[in-house]
Amino acid sequence: MPNIQELQDLVTQVRRDILRMVHKVNSGHPGGSLGCTEFFVALYNEIMDLKSGFDMDGHGEDLFFLSNGHISPVFYSVLARRGYFPIDELNTFRLIDSRLQGHPTTHEGLPGIRVASGSLGQGMSVAIGAALAKKLNNDDHIVYSLHGDGELQEGQNWEAIMFAAGKKVDNLIATIDRNGQQIDGGTEDVMPLGDVAEKFKVFGWDVLEIENGNDLEQVIAGLNEAKSRTGKGKPVCVVMTTEMGNGVDFMMHTHAWHGKAPSDEQLEIALSQNPETLGDY
């Protein structure tokens, strides 16, 4: 396993990847991607039990499903730097005929992607189905998923959340990115979510919170704690507080960078705040 400094260097490099990918095509979603960088780096390099290579079945290894598929830049960067596909393929993000579309899809055959995502609110159902399949296959590995807090405004989530508790889907860890922002403004202004952790508890989940989801060590500790709570009759929810646009000062504390690319000048400033560590693609 890499040490904490190596993981932190990877976090910084992934931020650079996100910024450069979105800037090149003047399209994409840097805010949420930057806010979840620590989560993805920890998940794929410290937490998940992964096989070498990739197959769609995923038997005998942990699985991950991204529900809020618009934060694909961080997903693609971490997959590439984990060895799923060549790092220089990041240079094709959102281009015609690229395997790296704005929202992850499966028909391009990109290693690491098991489901198309981006129609918000559907990832919970997919993750539950995969977790149940693992139980049927006598596979004791864990299914992880990530959801934006804004997409919890979709009703399908709550049907799935109720189902998971009722059917004791206890090999599932669903993380909520609680950044308080969505495309049209603050989540509490658009459609108040209230106490997300308490809502999951009432629905019958085991819930824990990560107070600072942009602190790599807190994320690792929180996800390890979540792992220790699986297999005990309840699905596990991690409510993770993050800052949209984290790591770039002018992108933080606002919803404005949910889906906007930086200009040439803004890119230069953003990259100066995230020095190259592992080599740009």
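Predicted model: local features only at pLDDT ≥ 70, side-chain atom pairs only at ≥ 80, totals over all residues.
## Surface patches

Asp 195, Glu 198, Glu 209 and Glu 211 gather on the surface as a patch of negative charge. Glu 209 belongs to strand β6, which covers residues 206-210. The relative accessible area of Glu 209 is 53%. Exposed means over 50%, so Glu 209 is exposed.

The other patch is nonpolar. Met 162, Val 202 and Phe 203 form this patch on the surface. Together they have about 300 Å² of accessible area. Met 162 sits in helix α6, residues 155-166. Its relative accessibility is 51%, so Met 162 counts as exposed.

## Positive phi angles

Most residues other than glycine have a negative phi. Asn 26 has a positive value, near 50 degrees. This residue lies in the loop between α1 (4-25) and α2 (30-35). Asn 26 is exposed, and its relative accessible area is 58%.

Lys 168 also has a positive phi, near 55 degrees. Its place is the loop between α6 and β3 (172-178). Lys 168 counts as exposed, at 53% relative accessibility.

## Aromatic pairs

How many aromatic pairs does a search of the whole structure find? The search finds 14. One of the pairs is formed by Trp 158 and Phe 200. Their ring centres are 5.6 Å apart, with 50 degrees between the planes. This pair is tilted. It links distant parts of the chain: Trp 158 is in helix α6, and Phe 200 is in helix α8 (residues 196-202). The two residues are 42 residues apart. Are they buried or exposed? Both Trp 158 and Phe 200 are buried.

Phe 250 and Trp 257 form another pair. Their ring centres lie 5.6 Å apart, and their planes meet at 65 degrees. Edge-to-face pairs have planes over 60 degrees apart, so the pair of Phe 250 and Trp 257 is edge-to-face. Phe 250 is partly exposed, with a relative accessible area of 26%. Trp 257 is buried, at 5%.

## An aromatic cluster

Some aromatic residues form one cluster. Its members are Phe 39, Phe 40, Tyr 44, Phe 54, Phe 64, Phe 75 and Tyr 84.

Conventions
Residues numbered from 1 in each chain as written. Heavy atoms only, no water. Patch = residues over 30% accessible without salt bridge, like charges linked within 9 Å, V, L, I, M, F, W, Y side chains within 5 Å. Areas by Shrake-Rupley, 256 points an atom, 1.4 Å probe, with all protein chains shown as cover. Salt bridge = Lys/Arg side-chain N within 4 Å of Asp/Glu carboxyl O. Lys, Arg positive; Asp, Glu negative; His and termini not counted. Charge placed at Lys NZ, Arg CZ, Asp CG, Glu CD. Helix = DSSP H or I, 4+ residues; strand = E, 2+ residues; numbered from the N terminus. Buried < 20%, exposed > 50% of the residue type's maximum accessible area, 1.4 Å probe, protein only. Phe/Tyr/Trp six-rings, centres within 6.5 Å; stacked < 30°, edge-to-face > 60°.
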